[in-house]
Amino acid sequence: MGDIEGSPGSSMHGVTCREPVLAFSVASPMVPTDTTAHFKVPVDSEHKAKVFKFYSFSKPHGLTFQLSWISFFTCFVSTFAAAPLVPIVRDNLNLTKMDVGNAGVASVSGSILSRLAMGAICDMLGPRYGCAFLIMLSAPTVFCMSFVSSAGGYVAVRFMIGFSLATFVSCQYWMSTMFNSQIIGLVNGTAAGWGNMGGGATQLIMPILYDIIRRAGLTPFTAWRIAFFIPGWLHVIMGILVLTLGQDLPDGNLASLQKKGAQAACGATFGIIPFISRRSLGIISGMTGAGGNFGSGLTQLLFFTTTKWSTETGLSYMGIMIIACTLPVSLVHFPQWGSMFLPPTKDPVKSTEEHYFTSEYTEAEKQKGMHQNSIKFAENCRSERGKRVGSVPTPSNVTPNRV
């Protein structure tokens, strides 16, 4: 049968090599569509969208994407809102170069702990509550910038505003509950990229707001303070929108589904994080996000807060550090898929996605059915197999056709 042109080959698990390859959708037959679900986009067995439309506001997938990246964008705007106004703020508060540098480090250091906490919060309460509560609780700190009167207060407030950057974790986590693993990389990249764009947009937004307020007749030292009320109110507005319009999972909110005895569906996050552990997705996402911010703060502290090196030299050293920290990623190995340099295991049991993702559960937990969603996730992840692991078939008695 494998010799017949166009027939599914056992080595490729049903892939005929004629499927359309689209960056914005999942076309592989290995990710079956749930035809019984009633959504505006095709979904898999976990009701995660198989198609990504960045312009869509349809509930729940499209609307979740819009709420997620806009809330992250808002936090980036407020966290770095002080940067373009430093010349005015510096004169008003008599800041030294060291004060300005310390404030920059503080702005990204604040989210190290908050990102660790956000991962656990997403696992326990869901990404909707995590995002909404954080963005609203950080709103008062943004307003507090308008009342700062000393260098110490300036650094402290920027540190507290930086807590809001933990919305990166809720953003990535939230996307993973709504989109299939085959397009989650694109969705996460788009959401995170558009959110990070707030750091650049604030370079335009804050000076424009400052100029408008100045033209209204206020003094420079008053104008920059009033300008901070705008990002503060954006926090409040986005928090309310996320809380009222958002939805944790395709089938409803986490709390309501738990009341029905359902297990919370989780998916993939960014990069290789989706596939490390499905059960502990929030914790791993939080640790990864916190590690990123720790590296950001450390880099700024080492290369950009002293006069030892010029900015150009600091950028060069930062590039070297990035390369050194990235190389170990090539050593990551999954028993069912292999790695960049090593093939997958030849063990017929350990080579399956089902074995890898259900090994996080004890036999007692499996008896209670707590691993069922991991089996669904494993079924949808099977398309991660490439030609190198195509020769390892999936046992017919491991994955049910419909869980």
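Colleague: What does phenylalanine 54 count as, going by its relative accessibility?
Modeller: At 38% relative accessibility, phenylalanine 54 counts as partly exposed, a class that lies between buried (under 20% relative accessible area) and exposed (over 50%), using a 1.4 Å probe and protein chains only. Before we go on, this is a predicted model, in which local features need pLDDT of at least 70 and side-chain atom pairs count only at pLDDT 80 or more, while totals for chains, interfaces and linings use all residues. Residues are numbered from 1 along each chain as its sequence is written, and side-chain values use heavy atoms, with hydrogens and water left out.

Colleague: Okay, how many aromatic pairs does the count come to?
Modeller: The count comes to 17 aromatic pairs, where rings of Phe, Tyr and Trp (its six-membered ring) pair if their centres lie within 6.5 Å, and planes under 30 degrees apart count as stacked, over 60 as edge-to-face and the rest as tilted. One of them joins phenylalanine 54 and tryptophan 194, whose ring centres are 6.1 Å apart with planes at 85°, so this pair is edge-to-face.

Colleague: And where do phenylalanine 54 and tryptophan 194 lie?
Modeller: Phenylalanine 54 lies in the segment before helix H1 (61-79) and tryptophan 194 in helix H8 (residues 184-215), so the pair ties together parts that are 140 residues apart in sequence. Helices here are DSSP runs of H or I with at least four residues, and strands are runs of E with at least two, numbered from the N terminus. Tryptophan 194 is partly exposed, with a relative accessible area of 27%.

Colleague: What about phenylalanine 147 and phenylalanine 229, how far apart are their ring centres?
Modeller: Their centres are 6.3 Å apart and their planes stand at 80°, so phenylalanine 147 and phenylalanine 229 are also edge-to-face. This pair links distant parts of the chain, 82 residues apart, with phenylalanine 147 in the loop between helix H5 (139-144) and helix H6 (151-161) and phenylalanine 229 in helix H10 (residues 229-245). Phenylalanine 147 is exposed at a relative accessible area of 62%, whereas phenylalanine 229 is partly exposed at 29%.

Colleague: Which residues form the aromatic cluster?
Modeller: One aromatic cluster is formed by Phe52, Phe54, Tyr55, Phe65, Trp69, Phe73, Phe179 and Trp194.

Colleague: Changing topic, how many disulfides are there?
Modeller: The count comes to 0 disulfides, taking a disulfide as a pair of cysteine sulfur atoms within 2.5 Å. Cysteine 75 is in no disulfide, and its nearest cysteine sulfur, that of cysteine 131, is 6.8 Å away. Cysteine 171 is in no disulfide either, with the sulfur of cysteine 131 again the nearest, at 8.0 Å.

Colleague: Are cysteine 75 and cysteine 171 buried or exposed?
Modeller: Cysteine 75 is buried, with a relative accessible area of 0%, and cysteine 171 is buried as well, at 1%.

Colleague: What span should helix H1 have?
Modeller: At 1.5 Å a residue, the 19 residues of H1 should span 27 Å, and its end C-alpha atoms are 27 Å apart, which agrees; the expected span is 1.5 Å times one less than the number of residues. Of the 19 residues of H1, 18 are buried, so H1 is largely enclosed by the rest of the structure.

Colleague: And where is the kink in H3 centred?
Modeller: H3 has a kink of about 30° centred on leucine 113, with the bend at a residue being the angle between axes fitted to the seven residues ending there and the seven starting there. H3 covers residues 97-125, and its 29 residues should span 42 Å at 1.5 Å a residue, which agrees with end C-alpha atoms 42 Å apart. After H3 comes glycine 126, whose phi is positive, near 100°.

Colleague: Which residues have a positive phi although they are not a glycine?
Modeller: Histidine 47 has a positive phi of about 65° without being a glycine, and asparagine 94 has one of about 60°.

Colleague: Last one, which residues does a cis peptide bond join?
Modeller: A cis peptide bond joins lysine 59 and proline 60, with omega about -5°, and proline 60 is in the segment before H1.
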